[in-house]
Amino acid sequence: MGFAGAEALREAVRGSVLVPGDPEYDQECAGFQAGDRHRPDVLVVADGPDDVRAAVDAARRYRLPVAVQATGHGLGEAARGGVLVSTRRMAGIRIDAEARTAWVEAGVRAGDLVAEAARHGLAPVNGSAPGVGVVSYTLGGGVGLLGRRFGYAADRVRRIDLVTGDGRPRRVTADSDPELFWGLRGGGGGLGVVTGMEIGLVPVAGIYGGQLVFDGARHAD
Ligand SMILES: Cc1cc2nc3c(=O)[nH]c(=O)nc-3n(C[C@H](O)[C@H](O)[C@H](O)COP(=O)(O)OP(=O)(O)OC[C@H]3O[C@@H](n4cnc5c(N)ncnc54)[C@H](O)[C@@H]3O)c2cc1C
């Protein structure tokens with residue numbers, strides 16, 4: 001049987017609500033990891049925090065688990081059933097060059113933030129791949145290319161907006177909710193659906209780097 005709340009959810013959200021059989025369902029469930037993909041009862045392609053809240057509300061009403069996907073780089077166990085929130089359309093970035101901060105929505109990719117911050121001579125403490133989601137990378141701690149000098153990405157978070165499992169939208173800082181703030185910065189997700197975060201940027205005028213790759217067939221040399 002299909003998800004009974006799909007019609008009500010469609011009326012509640014600005015983004016898309018897709019169920020198995022809908023033409024865009026497969027494509028929207030797909031992510032970077034091609035070996036498997038989520039197969040939720042209902043997929044909410046969120047257009048903003050209110051859509052995320054509506055998705056969590058629906059999951060609560062129908063007692064379904066919630067999974068989140070931004071880019072699919074970190075697909076662990078693919079969801080079978082339940083509600084999947086896709087944040088890929090939530091790709092807004094706001095830089096405050098004076099304060100050296102960036103506000104990133106939940107679907108922002110590292111490469112887009114790097115490009116935007118670089119216009120101000122700034123950089124996030126980003127990881128190695130431009131396609132990875134900034135939010136989830138940071139929720140997992142974030143060990144980046146600039147890590148030796150600037151530390152973990154999670155240590156530069158100023159504020160996190162999320163919808164917790166009780167359906168409440170929260171604005172979490174070190175002062176407002178120290179324990180939740182601590183758990184979010186390195187816990188790897190699972191404490192709610194993050195809708196956006198404010199992170200500190202670092203001044204970077206230039207980078208010298210690269211990689212050495214050796215031909216395995218010539219290992220004897
Ligand atoms: C090619 C590649 C390079 C990488 N390089 C680095 C690196 O240099 N340094 C490093 O530290 N890590 C690195 N990683 C790991 C990467 O940071 C994690 O896999 C990260 O979770 C990917 O996030 P995503 O949003 O792109 O992926 P997704 O698969 O979309 O998300 C992964 C998980 O994060 C959680 N999540 C996503 N969005 C939210 C949200 N809005 N709210 C709550 N939970 C959420 C969900 O549990 C989801 O299953 C790399 C991974 C790959 C594949």
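A salt bridge here is a side-chain nitrogen of Lys or Arg within 4 Å of a carboxyl oxygen of Asp or Glu. With that rule in hand, I counted twelve salt bridges.

**Ground rules.** I am working with a predicted model, where local features need pLDDT of at least 70, side-chain atom pairs count only at pLDDT 80 or more, and totals for chains, interfaces and linings use all residues. I number residues from 1 along each chain as its sequence is written, and side-chain values use heavy atoms, with hydrogens and water left out.

I picked out Asp-26 and Arg-39, whose side chains meet at 2.8 Å, N to O. Asp-26 sits in helix α2 (residues 25–29) and Arg-39 in the loop between α2 and β2 (42–45), so this pair ties together parts that are 13 residues apart in sequence. For these elements I rely on DSSP runs, numbered from the N terminus: helices are H or I with at least four residues, and strands are E with at least two.

**Two domains.** I next looked up how the chain is divided, and found domain 1 (6–86) and domain 2 (93–203). Their bounds come from an automatic or database domain assignment. The centres of the two domains, taken over C-alpha atoms, are 22 Å apart.

**Where they touch.** I found twelve residues of domain 1 in contact (heavy atoms within 4.5 Å) with 13 residues of domain 2. Between them the domains bury about 960 Å², 73% of it on carbon and sulfur atoms. Buried area means the accessible area (1.4 Å probe) that two parts lose on being put together, summed over both. On the domain 1 side, Arg-53, Thr-71 and His-73 lose the most area to domain 2, together 40% of what that side buries.

I looked for salt bridges between the domains and the count is zero. Two residue pairs across the interface are in polar contact, both at pLDDT 80 or more. A polar contact is a pair of N or O atoms within 3.5 Å; within protein, one must be able to donate a hydrogen and the other to accept it, and residues adjacent in sequence count only if both atoms are side-chain atoms.

On the side of domain 1 that touches domain 2, α3 (49–61) and β3 (66–69) each supply at least two residues. The largest share, six residues, comes from α3.

**Around the ligand.** Which residues have a backbone N or O atom by a ligand oxygen? I noted Gly-72 at 2.9 Å, His-73 at 3.3 Å and Gly-74 at 2.8 Å.
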